[in-house]
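Here is a short report on one structure. Look over the sequence and the fold, then read on.

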Amino acid sequence: HATVTITGRAHDALSEIRSIHYAVDQTDKWQDVLPDGKMYDSTSESFTIKITDLSLGTHVVTLRTVDARSNARYDARVVEVK
């Protein structure tokens, strides 16, 4: 088992970021992400996600960002634990 760290920045041109979530290998169990600044208060938020206890193999990590107008954007990344 391993720990994977994902860093990034969410941007929205028109409204503040309201939330960021992630899910591993499925999208029915979303986990909340707190931005690096500890508060959602901007149209651009940096974040760090530490996913612990990932088993060996390939996993899909899906990120969901929601803005103040409830618009959601999804982004998926493949990570491989060796």
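## Ala-76 and its surroundings

Setting aside neighbours within four places in sequence, Ala-76 is in contact with Val-60, Val-61 and Thr-62. Contact means heavy atoms within 4.5 Å. Ala-76 has its place in strand 6. Strands (E, at least two residues) and helices (H or I, at least four) are DSSP runs, numbered from the N terminus.

This is a predicted model, where local features need pLDDT of at least 70 and side-chain atom pairs count only at pLDDT 80 or more, while totals for chains, interfaces and linings use all residues. Residues are numbered from 1 along each chain as its sequence is written, and side-chain values use heavy atoms, with hydrogens and water left out.

Is Ala-76 buried, exposed or partly exposed? Ala-76 counts as partly exposed because its relative accessibility is 43%. Buried means under 20% relative accessible area, exposed means over 50%, and partly exposed lies in between (1.4 Å probe, protein chains only). Ala-76 and Ala-23 are 53 residues apart along the chain, yet their C-alpha atoms are separated by 9.3 Å.

## How the strands pair

Two strands pair if DSSP finds at least two bridges between them. Val-61 stands opposite Arg-77 in strand 6. The hairpin of strand 5 and strand 6 has four residues between the strands, and Ser-70 there takes a positive phi near 70°.

Strand 2 also pairs with strand 5 in the antiparallel sense, over seven bridges. Here His-21 has Arg-64 in strand 5 as its bridge partner. Strand 2 is mostly covered, with six of its eight residues buried. Strand 2 and strand 3 (residues 31-33) are antiparallel too, over three bridges. Ile-20 has Val-33 in strand 3 as its bridge partner.

## Two aspartates with positive phi

Asp-25 is found in the loop between strand 2 and strand 3. These strands form a hairpin with six residues between them, and Asp-25 in the turn has a positive phi of about 65°. Asp-25 counts as partly exposed because its relative accessibility is 47%.

Asp-53 lies in strand 4. Its phi is near 60°, a positive value in a residue other than glycine. Asp-53 counts as exposed because its relative accessibility is 53%.

## The nonpolar core

Which residues have the most contacts inside the largest nonpolar core? They are Tyr-22, Ile-49 and Ile-51, in a core of 15 residues. Strand 1 (2-11), strand 2 (17-24), strand 4 (44-54), strand 5 (57-67) and strand 6 (72-81) each supply at least two residues of this core. Strand 4 gives the most, with four. A nonpolar core is a set of buried Ala, Val, Leu, Ile, Met, Phe, Trp, Tyr and Cys residues joined through side-chain atoms within 4.5 Å.

Leaving aside neighbours within four places in sequence, Ile-49 touches several residues, including Val-4, Ile-6, Tyr-22 and Leu-63.

## The largest pocket

The largest pocket has a volume of about 390 Å³. Of the 20 residues that line this pocket, the closest to its centre are Arg-9, Ala-10, Thr-65, Arg-73 and Asp-75. A pocket is an open set of points on a 1 Å grid over the protein atoms alone, where a 1.4 Å probe fits, with protein on both sides within 12 Å along at least five of seven lines; lining residues have an atom within 4 Å of a point. Points are joined across faces, edges and corners, and the volume is the space filled by probe spheres set on them.

Strand 1 gives the most to the lining, with six residues.
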